[in-house]
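Welcome! Take a moment to look over the protein shown below, and keep it open while you read.

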Amino acid sequence: MLDFIVPEDIPTDDMFMEQVTTFMEQHLKANLRNEEEKTLTKAMINNYTKNKLMPPPVKKRYSREHLIFLIYIYYMKNVMSISDIQKMMEPLMSEDMTDEKLYDIYKKTFEMEKAEYFNIEDSVIEASRITDRKLPKSEDERLNKMLYIFMLGYDVYSKKRLIEKLIDELD
């Protein structure tokens, strides 16, 4: 369903911006809706730094730490506001957060997401079955698809609201 970046695939060597955008594009291009869409642009990276979603580069070079921030932002930006992402990133940007600690957190996140992937797949399949029981495709394929999309959208909306409540509790 979605591409993701395995922790071991994140380079340990520092990179220039062009290398960062190429790396992200290569690893996440299957997630894009169409060929015009970009995984990450230079302007996006500059805005994320300006909005304090990640630390600034050191001498125009981006570390493994920066890549981890960009991966987190990539997945969160579609369901969370910039200010909510800032709140989420604060603990990761503290002075006592080392590159190794951040990498360990990313590995734990990846392990949890990898395990959750099959639950998501099962949930999507179950939503399709429920939709087919309520309105079979054979009766009206377009309306069936619309109900299926609504069901998936409501699931995303419910989880987004839960995320917002949890973020509000961080204050």
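This is a predicted model: local features need pLDDT of at least 70, side-chain atom pairs count only at pLDDT 80 or more; totals for chains, interfaces and linings use all residues.

Residues are numbered from 1 along each chain as its sequence is written, and side-chain values use heavy atoms, with hydrogens and water left out.

**The whole chain**

- The protein chain has 6 helices and 0 strands, where helices (H or I, at least four residues) and strands (E, at least two) are DSSP runs numbered from the N terminus.
- Along the sequence, the pattern reads α-α-α-α-α-α.
- Taken along the principal axes, the C-alpha atoms fill a box of roughly 60 × 40 × 30 Å.
- Of the 171 residues, 30% count as buried; buried means under 20% relative accessible area, exposed over 50%, and partly exposed in between (1.4 Å probe, protein chains only).
- The chain exposes about 11600 Å², and carbon and sulfur atoms supply 56% of that area. Accessible areas come from the Shrake-Rupley method with a 1.4 Å probe, and for residues only the protein chains shown count as cover.
- Among contacts with a separation of 6 or more, 59% are between residues 24 or more positions apart; contact means heavy atoms within 4.5 Å.

**Helix α3, an enclosed helix**

- Helix α3 covers residues 64-76, and its 13 residues should span 18 Å at 1.5 Å a residue; the end C-alpha atoms are 19 Å apart, which agrees. The expected span is 1.5 Å times one less than the number of residues.
- Because 11 of its 13 residues are buried, α3 is largely enclosed by the rest of the structure.
- Those buried residues include R64, H66, F69, Y72 and M76.
- Their cover includes α1 (17-28), α2, α4 and α5.

- Helix α6 (residues 141-168) has 28 residues and should span 40 Å; its end C-alpha atoms are 41 Å apart, in agreement.
- The buried residues of α6 are N144, E164 and I167, and they pack against α4 (82-89) and α5 (99-134).
- At the start of α6, a side-chain oxygen of D140 comes within 3.3 Å of the backbone nitrogen of R142.
- L143, also in α6, is partly exposed, with a relative accessible area of 36%.
- Together with M146 and L147, L143 forms a nonpolar surface patch with about 230 Å² of accessible area. Patches are made of residues with over 30% relative accessible area and no salt bridge, with like charges joined within 9 Å and nonpolar side chains (Val, Leu, Ile, Met, Phe, Trp, Tyr) within 5 Å. A salt bridge is a side-chain nitrogen of Lys or Arg within 4 Å of a carboxyl oxygen of Asp or Glu.

- N144 lies in α6 and counts as buried at 4% relative accessibility.
- A polar atom of the N144 side chain lies 2.6 Å from the backbone oxygen of L135.
- Leaving aside neighbours within four places in sequence, N144 is in contact with T131, D132, L135, P136 and K137.
- T49 sits in helix α2 (residues 42-50) and is buried, with a relative accessible area of 18%.
- Not counting residues up to four places away in sequence, T49 touches M54, P55, P56 and P57.

Definitions and conventions
A polar contact is a pair of N or O atoms within 3.5 Å; within protein, one must be able to donate a hydrogen and the other to accept it, and residues adjacent in sequence count only if both atoms are side-chain atoms.
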